[in-house]
Amino acid sequence: MKTLILSIFYREWLKTRFVFSMSLIVVLSAMLYILLDFAQSVRISGVTNIVREIIINNTQPLEVIKYIPTILGLALAICQFTPEMIDRRFRLSLHLPFKEHYIMAALLSYGVLSLTSLYIVALLCSLYLSNYLPMVVLNHVVWAIYPWLLSGYVTYAIVSALIIEPNWLRKISFVPLLLTFDFVMLLDCQPWAFANSTLLFIFAIVVAFLTPFYNMIRFKNGECR
């Protein structure tokens, strides 16, 4: 079982290594720009004025990466699952000596781990800000960006489900759902606006990641309606 999962992960890596490498470059480039711009702002305006801008005017030092998690989730899902649907190759994966639900879970787990690793790189780079900002301000920044990170996960799950779904009308129905969720998660609002919505977001993420399993069953059964 362990060997098979590792084999699936290796196969997914071969499919997505270029996109993952490009995503890593994008994340590192964005964070380098953010840190250089922040350091320059500190030299010009001083830390006190920057803290005032963050707290009072809701200025977000990580604004540059706002749409990057969503784009990463979209790119990874397309790169990972589109080749599977060419000539219906996904059926080969489902006929491995393993229950199809576990295979689907392994495929999605690879995507989640890939996105999480990119997020960790970005967050580690952002630790540089702790040299200038107090913890209360860093908490302010984290609560501002966490909906953006969740948007990446949900985008990945819904786009994966969309690609696997065999019926084109059902595929199209996923688009407004995805756009609505991303619109809400990427709203310009106060960092603590979603503090009481954590359970709702967790529910949305669980539903989003269960949807590919349902579409996988429809694909396996050859359902087109």
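Within how many Å do the axes of H1 and H5 come, and at roughly what angle do they cross?

Modeller: Happy to! This is a predicted model, in which local features need pLDDT of at least 70, side-chain atom pairs count only at pLDDT 80 or more, and totals for chains, interfaces and linings use all residues. Residues are numbered from 1 along each chain as its sequence is written, and side-chain values use heavy atoms, without hydrogens or water.

The axes of H1 and H5 come within 10 Å and cross at roughly 20° (axes are lines fitted to C-alpha atoms over the stretch in contact, with angles from 0 to 180 degrees between N-to-C directions). H1 and H5 are therefore roughly parallel to each other (under 35 degrees; over 145 is roughly antiparallel, 65 to 115 roughly perpendicular and the rest oblique). Their crossing is right-handed, and the contact of H1 with H5 has 18 nonpolar, 6 polar and 2 charged residues. A crossing is right-handed if the near helix is turned clockwise from the far one by less than a right angle. Nonpolar covers Ala, Val, Leu, Ile, Met, Phe, Trp, Tyr, Cys and Pro, charged covers Asp, Glu, Lys and Arg, and polar the others.

For the setting, the protein has 8 helices and 0 strands (helices are DSSP runs of H or I with at least four residues, strands runs of E with at least two). The order from the N terminus is α-α-α-α-α-α-α-α, and the C-alpha trace spans about 60 × 30 × 25 Å along its principal axes.

H1, residues 2–45, also packs with H3, residues 68–85: their axes come within 9 Å and cross at roughly 165°. That makes H1 and H3 roughly antiparallel, therefore, to each other, and H1 passes H3 in a right-handed crossing. On the H1 side, Arg11, Glu12, Lys15, Thr16, Val19, Ser23, Val26, Val27 and Ala30 meet a set in H3 made of Ile68, Leu72, Ala75, Leu76, Cys79, Gln80, Pro83 and Glu84. Sorted by class, this contact has 10 nonpolar, 3 polar and 4 charged residues. Contact means heavy atoms within 4.5 Å.

H5 has another partner in H8, residues 198–221, with the two axes 10 Å apart and an angle of about 135°. H5 and H8 are therefore oblique to each other, and they cross in a right-handed way. From H5 come Glu100, His101, Met104, Ala105, Leu108 and Val112, facing Phe209, Pro212, Phe213, Met216, Ile217 and Lys220 of H8. That contact divides into 9 nonpolar, 1 polar and 2 charged residues.

Searching the whole structure turns up 2 cavities of 30 Å³ or more (a cavity is a set of points on a 1 Å grid where a 1.4 Å probe fits but cannot get out, and lining residues have an atom within 4 Å of a point). The largest has a volume of about 120 Å³, and of its 15 lining residues, Met31, Ile65, Tyr119, Ala122 and Leu149 are the closest to its centre. H1, H3, H5 (100–126) and H6 (135–164) each give two or more residues to that lining. H5 provides the largest share, 5 residues, and the lining has 14 nonpolar, 1 polar and no charged residues.

The second largest cavity, of about 40 Å³, is lined by Val19, Phe20, Ser23, Leu72, Leu76, Ser114, Leu115 and Leu118. Here H1, H3 and H5 are the elements that give two or more residues. By class, this lining has 6 nonpolar, 2 polar and no charged residues.

Note on methods. 1 Å grid on protein atoms, 1.4 Å probe; cavity = no way out; pocket = protein on both sides within 12 Å on 5 of 7 lines; lining within 4 Å. Points joined across faces, edges and corners; volume = space filled by probe spheres on them.
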